[in-house]
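Please keep the structure in view while reading.

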Amino acid sequence: MLPPWLNKLLLEVRRPGGEPGMQPRRRFFRRRKRLNLALQGGGAHGAFTWGVLDQLLADRRIAIGGLSGTSAGAVNAVMLADGLAQGGPIEAQQRLADFWRAASRGGTLPDLQRAVVERLFSLLPFQGSAMPWFGDLSRFLSPYDVNPLNINPLKDLIERFVDFERLRAGSDELYIAATNVVTGEPRVFARSEITPEVVMASACLPLLFRAVEIDGVPYWDGGYSGNPLLVPFLRSGAPEDVLIVQINPRERHKVPTTAREIMTRVNEITFNAPLIAELRALELIGERRIRLHRIVMDEHGASFDGRSRFNNDFEFFTLLHKLGQRATRRFLDAHFKDIGRRSTISMRAEPEAELV
C-alpha cells in the first residue's frame, strides 16, 4: 500500500496535459545532457550542495533542467534558478557563492537575519543566539510563546538574493515542498506559485517559527514529507534524468548511544523517510519515465556528526563546497555516459542497490 499522498500525486502526474498553468520547456543545447536536480535539506551541510551545483554549472557538458528542493535545499534551488534566469551559469555560480559567504559567520548579514540562518542551518535549537527567543527557551516553549509578534526575517533574507517575479517567469520545472500541518501531507509548489512565503514554509522549523500560512493553510518544513521531491518530474511525460543530492546519511555503522547521537540519528531517519517512500513507490509501480542518479555526502569523505550542522564558519562551508565539487567530478567521471541512457541507482533505495 502506498501512502495516500503518494497515490494522489501519482494520479496527478498521469493526467493528460500535466499541471495546469505549466509553461513549455526551454530548449537546451543539444550536445549537452539535461540533468534535473532534487536537492535535500540538511542545514549547514547544504554547503555541500553548493559545491555540487558549482561543479555542474562549470561543466559545459551538463544542462541543468528542472529543480526540486526542500528546506535548505529549497534555498539553494531558488538561488540557482534565479541566477540562471538572470545571467546563466556564471551568474548562478556567483549568486550561490554570494549567499553562502553572506550567510557565514563574519559574513554581511545583519544580526537578526544571521540568527535565522544559524537556526535554519542547525535544524535544532542551540545556545548563543542574537535573539532571546532563539535561545534556550525554545527548548521548552513554542514559538507561539516566545515570539508573540511572529517575527520571521527569513523573507527579507531570501528577497535580498532572489527576484521572485523573474523566478516565476522561468520555464523549467521548479518544485518546492512544504508540509501541511493539518494533514501531515506534502504540498508541492510549482514554479508559478513560488513566493518568499513558500520558501519560508519549506524551511519552517516548528521549534523556531510559527507555521507559515499560505491561502489559509499552515505549513511546516518540507523535510518531514518530501525531502526531496521526485514524483513531480514525471509530469512531463518524457523520460527524465534526476540527480538526487542527498545530505543525510543513508546508514550509520555505529549504534548511537549518547543522547546527542540518538537525536542525530532520529533526525536523519526522519528526514530521509520521505525520499525512501518515493523510491519505494516508483519501484512498486514499475515507473520507467525517470532515470535516477545520486550523490550522497557521507560517501565522499564527508561523514560529519549532528554537531557540524551548527557550524556556520566560512572555512567549514568552503570545506563542504570542495567536497561537493569532488563528489560531482567523481560522479561525472563514472556515470556521464549513463545520463540519458539508464539509472545508476536502483529504486529499491538500499545502499547495496547502487548500480555499476
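Asp-59 has a relative accessible area of 12%, so Asp-59 counts as buried, the cut-off for buried being under 20%. The model is a predicted one. The salt-bridge partner of Asp-59 is Arg-61, and their closest N and O atoms are 2.9 Å apart. Arg-61 has a relative accessibility of 36% and is therefore partly exposed.

## Salt bridges

Side chains of opposite charge can pair when their charged atoms come close. The count of salt bridges in this model comes to 13.

One of them joins Glu-173 and Arg-34, with 3.4 Å between the closest N and O atoms. This pair links distant parts of the chain, 139 residues apart: Arg-34 is in strand S1 (residues 33-39), while Glu-173 is in the loop between helix H7 (164-168) and strand S3 (174-180). Both Glu-173 and Arg-34 are buried.

Salt bridges with shared partners join Arg-95 and Glu-91 with Asp-82, Asp-163 and Arg-166 in one network.

Are Arg-95 and Glu-91 buried or partly exposed? Arg-95, at 6% relative accessibility, is buried. Glu-91 has a relative accessible area of 24% and is therefore partly exposed.

## One face of helix H6

Helix H6 spans residues 154-161, and its residues Leu-154, Leu-157, Ile-158 and Phe-161 are buried. Seen down the axis of H6, the buried residues fall within an arc of 90°, which means that they line one face of the helix.

## A nonpolar patch

Which residues make a nonpolar surface patch of about 240 Å²? Ile-262, Met-263 and Val-266 make this patch. Val-266 belongs to helix H9 (residues 259-284). With a relative accessible area of 40%, Val-266 is partly exposed.

## A buried aspartate

Asp-338 is found in the segment after helix H10 (314-335). Its relative accessible area is 4%, so Asp-338 counts as buried. Leaving aside neighbours within four places in sequence, Asp-338 is in contact with Asp-241, His-293 and Thr-344.

Methods
Residues are numbered from 1 along each chain as its sequence is written. This is a predicted model: local features need pLDDT of at least 70, side-chain atom pairs count only at pLDDT 80 or more; totals for chains, interfaces and linings use all residues. Side-chain values use heavy atoms; hydrogens and water are left out. Helices (H or I, at least four residues) and strands (E, at least two) are DSSP runs, numbered from the N terminus. Buried means under 20% relative accessible area, exposed over 50%, partly exposed in between (1.4 Å probe, protein chains only). Contact means heavy atoms within 4.5 Å. The arc is that of the directions from the helix axis to the C-beta atoms. Patches are made of residues with over 30% relative accessible area and no salt bridge: like charges are joined within 9 Å, nonpolar side chains (Val, Leu, Ile, Met, Phe, Trp, Tyr) within 5 Å. Accessible areas come from the Shrake-Rupley method with a 1.4 Å probe; for residues, only the protein chains shown count as cover. A salt bridge is a side-chain nitrogen of Lys or Arg within 4 Å of a carboxyl oxygen of Asp or Glu.
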